[in-house]
Amino acid sequence: MLQFIAKRLVAGVVALFVVACLTFVLLYSTSGDVARNIMGDQASAASVAAKAHELGLDQPLMSRLSSWLWQATHLQFGTSWFTSQPVFTAIANRLPLTLTMVCVAILLIGVVATFLGVTAAVKRGAADRAVQIMAVLAASLPGYIVGIVLVLVFAIQLRWFPAISRIGPRSGAAVWVASLTLPVVALMLNGIAGAAQQIRSAFIKQLEQDYVRTLRSRGIPEREILFRHVLRAAAPAGLTVLSLQFISLLGGVVIIESIFALPGLGSLAVSATTQGDLPLVMGVVIYTVAIVVVVNLLVDVANGWLNPKVRVS
Amino acid sequence: MSAVVDDVSAQAEPGGLGGAVKRPGVAGRLFRNPMGTASVLLLAVIVLSAVLAGVLAPHDPARATDNVLTGPTALNLLGTDSNGRDILSRLLFGARGTLMSAAIAAVVAILIGLPAGLLAGYYGKWFDGLSSWATNILMALPGMIVLLAVRAAVGPNIYLTMVIFGVLMSPGFFRLVRTATQSVRNELYVDAARVAGLSDLSIMGRHILGVVRAPVIIQAAMVSGIAISFQSSLEFLGLGDPSAATWGVMVNDGFRNIYRQPLALLWPTLAISLTIGSFVLLANALRDALEDHVNVKEKTSASRRPATVAAVPATVAAEPVDAHLCEVRDLRIEYPQPGGERKTVVDGASWYVDRDEVLGIVGESGSGKSQTAFAVLGLLPDNALVTSGQILFEGKRTIDTASRRIDQSALTGLRGRRISYIPQEPMSNLDPSFTIGSQLVRPMTRILGISKSEAVTKALDLLSAVGIPNPKRTFSAYPHQVSGGMAQRVLIAGAISCDPDLIIADEPTTALDVTVQAEVLDVIRDLQTELHQGIILVTHNFGVVADICDRVAVMQNGRIVEQGDVRTILRHPAHEYTQMLLQSMLVGKPPLTRLMSDSATGGMK
């Protein structure tokens, strides 16, 4: 088991390294005249050149990459070109809000999708069709449309929730709940049906296994077979579904934060992208991928623990 | 985009999945599905409006006017945006960018995923490892974040962004093609093609592409929808080209003016949702057309009413006092087929078994023998129909004629307690997540009501009774840690653990090595002599019948063609099918030869 975890850990670090290198090359080899953009049109050629030198833009790409990687091992990701704030600080300020939303959303998706998926698999019929139709609808509506509709109905028409986040540095729990309810629901809606559909297939696949028939022949009650045996056997597939959902939530949160004007990682990513603040964009990519790597590692470990073939050996 | 739609119609003609299945054309079944027709029509309309935008649009989509954010008017049928530009014209022109984005993403994803999947699946080795590794990394990337980085690097170039998005979407195609290729590579017809001297390239082109074509088209429709969603999201975030007339930019503009003119938001939102929805529905309809949805529907509707008894025979007489342990009368089991027909798998079978006797049900695979056994257990698949007949356990009916169903409540009391089951395939019949011990103990605490420690003691006794050398170790082992022969002994131990009166053994030795087969049969026979249960032994092997059975029923095509005492039938098989089965068993089967010579000497006397 320890060997298994170590293997996955190494694979995750390697993946992170590869993504960092590719992103760095993508960002910095194509970026145009950044120094000119920062200094403005009025600046002299000399001051632009000085700025370019200050940012290290006159260095060869590979030496910049290696120095970035070296600093990254010390958790230093450079400073923002526009605010001069360290990237680490900028992201650390924004991360808690985003992570809260994504984690709450994935937990709720896990619970609701498992319930829907298992119901559809066991009852079939109407419940099954409802999940299928919901999945088609959810796949047809991009996240921002879901967000807009929620704002229109629940914030503008019904006035149940604020349309725009009121979260400030000293907000209490009530403000957080009020401001985050709609965004989290918007995040969830796109994921639930798809996840439920996949959990349904995983559950049906297990229901058709031979051992389920044998358990029934032994006189074990159906409820116990479903929840003790089948659910457990379908759990690894379900966790994998949820880990993929988690990855797409990290993307979806970008849009939702923009709609609800939430000061999270996503809106930071959008503003950094608009400005061309490459160190900050780079930092956001690395942080997001690192989160994914950690989540995938946790899922791998959980699945390994659920599988006696991995756990016992 | 239009390439995708063209592919669909081209795909539809030559008979679906690579000629492996011969059914009415996929196109026919696609259009019979209203969802399929609707999605194709909608996509056709969208493609046409993109192509003919220059002709259809009433206004220049970029011309700003002073009529800002008007509702629908005679001049501007759908109103104007915040710059006074005509919304209808912008929608028509916007379709171009949207469809191009979808086409670029889908084509790039296919161009990467398809060849890589073919190579990885066909040749395997290092390329498979490398590409699977790359695929895993790509799948761990949140698409939106990557697109933001791309946007930061290359500016508001939506087409280049969609090329990158195509790369991100390629794992879907890669996995699909790789799996399909792996399964086809070892098919006989591919071997035959290889022997016939076809090059790898032409085998891939001719045989494997045919198989993956349909799933690739389905995936392409899905990816097109996702690409439109992402592309319009970027534009909605204000990261698109603000001067271009695209749907995402229009949504952005509408959202910013939501209080002044909600309709300006409605139109582009509707256009995007309808387009993505068409792609999703098209993908679903295509999948249904390929899977032949009729069959699936029949299954789900039947599943709500498991094993319905359609006709009640009025002829069931009052049960005699000295009833058989288990008796099957005129049992008929049918399965619904696509097209409303029913396939009969058991056709009027009647037999009985008493305590202290072994009844063999013998026949080829597909003769209905296992179905009969499952009917007794009440464990037929959900879509099975018991259309006539009765099953009696100690004279009590287990098919409830009043409610016209298999009486699951009666069987719940019997299963595990009075009737037990030894399955065919030992490994797949143990839950891999639980130890062997817990799978033995749980039914005993449940059925016998004994304490856990008593059950553990009894389980260990049972394990040694079925000839397991180290019961303690097997008890705490997981199924994957024991051999097939051991697992089968464990299942036999489980079957006798609650002292049943009737054991149904479905090909209990077929999946085992020849040497282990004999041992397992010995275990069953010894236990039966000791415990005096009735056993129904389902097998295709007359050697096993001769070895262990008292009476035998021979099944062919769902009917019992002959039954009676084993010796009588072995000596004087009346039915030609029995004779044929026996002849095929005669060669080199010691127990049978002995019986036959017995009969020869017996006949002389």
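Predicted model: local features only at pLDDT ≥ 70, side-chain atom pairs only at ≥ 80, totals over all residues.
The predictor assigns the complex an ipTM of 0.88 and a pTM of 0.82. For chain B the average pLDDT is 81, and 86% of the residues score at least 70. Confidence within chain B is lowest in helix H1 (residues 2-12), where the mean is 36. It is highest in helix H18 (residues 471-475) of chain B, at 94.

Chain B contains 24 helices and 12 strands. Of its 605 residues, 52% count as buried. Among contacts in chain B with a separation of 6 or more, 70% join residues 24 or more positions apart. The accessible surface of chain B is about 26,000 Å². Carbon and sulfur atoms contribute 58% of that surface.

In soluble globular proteins, nonpolar side chains tend to be buried together. In the present model the largest nonpolar core holds 157 residues. The members that touch the most others are A:Leu27, A:Trp68, A:Met101, A:Tyr144, A:Ile259 and B:Phe165. Helix H10 (residues 200-236) of chain B supplies the largest share of this core, with 16 residues. A second, separate core has 52 residues. Its members include B:Leu460, B:Cys498, B:Ala505 and B:Leu581.

An open sheet in chain B is formed by 4 strands in the order S2-S1-S4-S5, with antiparallel pairing. Strand S2 (342-353) and strand S5 (396-397) of chain B each have a single partner strand, so they stand at the edges and one side of each is left without a neighbour in the sheet. Strand S1 (residues 326-336) of chain B pairs with strand S4 (residues 385-393) of chain B over 7 bridges, in the antiparallel sense. B:Cys326 has B:Phe393, in S4(B), as its bridge partner. Helix H14 (residues 369-377) of chain B lies across S1, S2 and S4 of chain B. Helix H14 of chain B runs at about 110 degrees to S1(B).

Note on methods:
Residues numbered from 1 in each chain as written. Chains lettered and ligands numbered in written order. Heavy atoms only, no water. pLDDT = per-residue confidence, 0-100. Helix = DSSP H or I, 4+ residues; strand = E, 2+ residues; numbered from the N terminus. Buried < 20%, exposed > 50% of the residue type's maximum accessible area, 1.4 Å probe, protein only. Contact = heavy atoms within 4.5 Å. Areas by Shrake-Rupley, 256 points an atom, 1.4 Å probe, with all protein chains shown as cover. Core = buried A, V, L, I, M, F, W, Y, C linked by side-chain atoms within 4.5 Å. Pairing = 2+ DSSP bridges. Axes fitted to C-alpha atoms, helices over the stretch in contact; angles between N-to-C directions.
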